[in-house]
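Please brief me on the side-chain packing and charge pairs of this structure. Keep it short.

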Amino acid sequence: MAGRGAALLAETMLPVDRRAMIAVLRPGWPGPDFWSRRMAHETVMHRHDAFEALGLPFEVDERVAYDALHEWMTAIVHIIFDLRPAASELLGSGRFYFEATDTGQEWTVDLRGSAPMVLQDRKKAVAKLRGPAFDLVLALYQRRGTEGLRVSGKAGLMEQFLDAMRF
C-alpha cells in the first residue's frame, strides 16, 4: 500500500507546473517543489516511527538525511516560529549551532533578533549539537533525545530549544 501511495502522489505532482501557485505554508514559497519534498520527508519520519515501534533498525540514505536536515533548517524552523508561540519565547536567547558530522553540514539558528535567521555556516553559539545528520533531524523532530550526540555550551538551553521545536 505504501508503494501505491507514493505512486499516486508522484502521478499527481509530476504534471504540475513547478511554478504553479498552490497552497503554501508561508508566502513566497514555491508550491509543487515544496510539497513533493515535504511529503518525501514526512514519509521518512513516519516510516522511522513504524520501525521504532516495532524495534527494528532504521537507516536512511545519506542524501535523504542531508536533504531532511536542509529542509528543516530552511523551511520547518520558520514554520514553527510562525505557528508556535512557545518557540517565540526563545527569541533573544542567542545562536544555536548544528553540525552534521557525516554530511559536513553546518547550520546556525540565530535567535538574537525578532525572528529566526538561519545561516548555513558556523557562528559562535550559546549551544552546539553535533552528530550524524539524520540523528540531528530526529532530535529536531523530537523523535529522540540528545543522548549519543555531542552537546556543548548551554546544554539546558539546547534542550529548551529542541522542546520548543515541536512540529
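In which helix is His48 found? His48 sits in helix H2, residues 32-54; helices (H or I, at least four residues) and strands (E, at least two) are DSSP runs, numbered from the N terminus. This is a predicted model: local features need pLDDT of at least 70, side-chain atom pairs count only at pLDDT 80 or more, and totals for chains, interfaces and linings use all residues. Residues are numbered from 1 along each chain as its sequence is written, and side-chain values use heavy atoms, with hydrogens and water left out.

**His48**

- His48 has 6% relative accessibility, so His48 counts as buried (buried means under 20% relative accessible area, exposed over 50%, partly exposed in between, with a 1.4 Å probe and protein chains only).
- Leaving aside residues up to four places away in sequence, His48 touches Phe58, Phe134, Leu138 and Arg143 (contact means heavy atoms within 4.5 Å).

**Aromatic pairs**

- A pair of aromatic rings is described by the distance of the centres and the angle of the planes.
- Searching the whole structure gives five aromatic pairs (rings of Phe, Tyr and Trp, the last by its six-membered ring, pair if their centres lie within 6.5 Å; planes under 30 degrees apart count as stacked, over 60 as edge-to-face and the rest as tilted).
- Trp72 and Phe161 are edge-to-face, because their ring centres are 6.5 Å apart and their planes are at 65°.
- This pair links distant parts of the chain: Trp72 is in helix H3 (residues 62-83), Phe161 is in helix H6 (residues 155-164), and they are 89 residues apart.
- Trp72 is buried, at 0% relative accessibility.
- Phe161 is buried too, with a relative accessible area of 0%.
- Phe98 and Phe161 make a tilted aromatic pair, with 5.7 Å from centre to centre and 45° between the planes.
- Phe98 belongs to strand E1 (residues 95-100) and Phe161 to helix H6, so this pair ties together parts 63 residues apart in sequence.
- Phe98 has a relative accessible area of 0% and is buried.
- One aromatic cluster is formed by Trp72, Phe96, Phe98 and Phe161.

**Salt bridges**

- How many salt bridges are there? The count comes to nine (a salt bridge is a side-chain nitrogen of Lys or Arg within 4 Å of a carboxyl oxygen of Asp or Glu).
- Glu99 and Arg122 form a salt bridge, with their closest N and O atoms 3.3 Å apart.
- Glu99 lies in strand E1, and Arg122 lies in the loop between strand E3 (117-119) and strand E4 (127-131), so the pair ties together parts 23 residues apart in sequence.
- Is Glu99 buried or exposed? Glu99 counts as buried, at 18% relative accessibility.
- Arg122 counts as partly exposed, at 44% relative accessibility.
- A network of salt bridges links Glu99, Glu106, Arg122 and Arg130.
- Asp110 and Arg112 meet through their side chains in a salt bridge, at 2.8 Å from N to O.
- Asp110 is buried, with a relative accessible area of 5%.
- Arg144 pairs with Asp135 in a salt bridge, the closest N and O atoms being 3.5 Å apart.
- Arg144 is partly exposed, with a relative accessible area of 24%, and Asp135 counts as partly exposed at 23% relative accessibility.
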